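I opened my notebook and picked a few spots to look up. Here is the thing I was looking at.

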Amino acid sequence: MQFRTIGLMLLGALALPASGTAQTTPAQPAITRTVVAATKLATVTDVPLYFKAMSVTLQPDAMSAISAADGILYQMSGTTQVALDGGAKRLNPGEGVFIARGKIAALRAGANGPSTFLHFLLAAAADLDRPAEAAPAAVTELYRSANPIPDLKPGSYDLNLTRVIFPAGMPSNPPHHRSGAALYFIVSGTGANTVDGKTEARGPGSLIYEPYALVHQWGNPGNEPLIFLAFNINPEGMAAVLPSSPAKN
């Protein structure tokens, strides 16, 4: 009986590695996309359009106003009360709001500290040099496209600001091309951006312009999440990015 018991124990021990080997490998964490703010534009071909991005800071309790081209605010730190069209919304970090061309929005920073937000604009040439935020807002221009956004077609377009998170260690996604155009802003982490077979590291504060049909890839080789914002314009009903055909790889 003793030999039989020992034999059964040995068999059980030998079976353990095989059982472990059969376990399912955990799935790779997924990329997450969150639309922060969005609208639909009836047309984008009346005048040539450009991207512009600014960083804006209001001191505690300071008030300002916005009157600009179509744009989206994204709160980075602090809070901002935005009064628009008879309503009011408080922006906390990570939240945003769309403000249409010709609308006037009143802004007020929270009392507990300075408010810093990004302002992304889709603007005609005549609006590029026009101040968007009134004093005492401190405004720093981060980017403006040198040329009009190419290849915009007749018809309605989606305009949105999307926050994208690549988990740590995420391999580069397959090559794909843009259906409209986008301006990226890296919030945190460092991404691997591949264009035309050349990969560059893109760290916090980087701005990357992606015009129509650009074939590109993004990955995150780092050990912390990569978080970036994509200010997108694309034909209504179409994905912002489309798989690349073999001919464009």
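My entries follow, and I keep in mind that this is a predicted model.

**Entry 1**

Four of them form an open sheet in the order 3-8-5-6, with antiparallel pairing. I wanted to know which strands sit at the edges. They are strand 3 (63-67) and strand 6 (87-91), and each of these pairs on one side only.

Then I zoomed in on one pair. Strand 3 and strand 8 (residues 104-109) run antiparallel and are joined by five bridges. Met63 has Arg108 in strand 8 as its bridge partner.

**Entry 1: Arg108 again**

How many salt bridges does a search of the whole structure find? The search finds ten. I looked at the one between the side chains of Glu141 and Lys52, at 3.8 Å from N to O. Glu141 lies in strand 10 (residues 138-144) and Lys52 in strand 2, so this pair ties together parts that are 89 residues apart in sequence. Lys52 counts as buried because its relative accessibility is 6%, and the cut-off for buried is under 20%. Glu141, at 40%, counts as partly exposed.

Next came Arg130 and Asp127, whose side chains meet in a salt bridge at 2.8 Å, N to O. Asp127 is at 16% relative accessibility, so it goes down as buried, while Arg130 is at 49% and counts as partly exposed. I also found a network: salt bridges that share partners join Lys52, Asp129, Glu141 and Arg144.

**Entry 2: the nonpolar cores**

The largest nonpolar core has 25 residues, and among those with the most contacts inside it are Phe51, Leu122 and Ile233. Strands that each supply at least two residues of this core include strand 1 (32-41), strand 9 (115-124) and strand 18 (226-235). A second, separate core has 23 residues, including Tyr50, Met54, Val56 and Leu128.

**Entry 3: two loop residues**

Last, I checked two loops. Asn173 is in the loop between strand 11 (157-166) and strand 12 (176-178). Its relative accessibility is 14%, so Asn173 counts as buried. Not counting residues up to four places away in sequence, Asn173 touches Phe166, Gln217 and Trp218.

Pro221 sits in the loop between strand 17 (215-219) and strand 18. At 66% relative accessibility, Pro221 counts as exposed, because the cut-off is over 50%. Pro221 still has contacts beyond its neighbours within four places in sequence: Gly169, Met170, Thr190 and Ala192. I also jotted down that Pro221 and Ala168 are 53 residues apart in sequence and 6.6 Å apart in space, C-alpha to C-alpha.

Conventions:
Residues numbered from 1 in each chain as written. Predicted model: local features only at pLDDT ≥ 70, side-chain atom pairs only at ≥ 80, totals over all residues. Heavy atoms only, no water. Helix = DSSP H or I, 4+ residues; strand = E, 2+ residues; numbered from the N terminus. Buried < 20%, exposed > 50% of the residue type's maximum accessible area, 1.4 Å probe, protein only. Contact = heavy atoms within 4.5 Å. Pairing = 2+ DSSP bridges. Core = buried A, V, L, I, M, F, W, Y, C linked by side-chain atoms within 4.5 Å. Salt bridge = Lys/Arg side-chain N within 4 Å of Asp/Glu carboxyl O.
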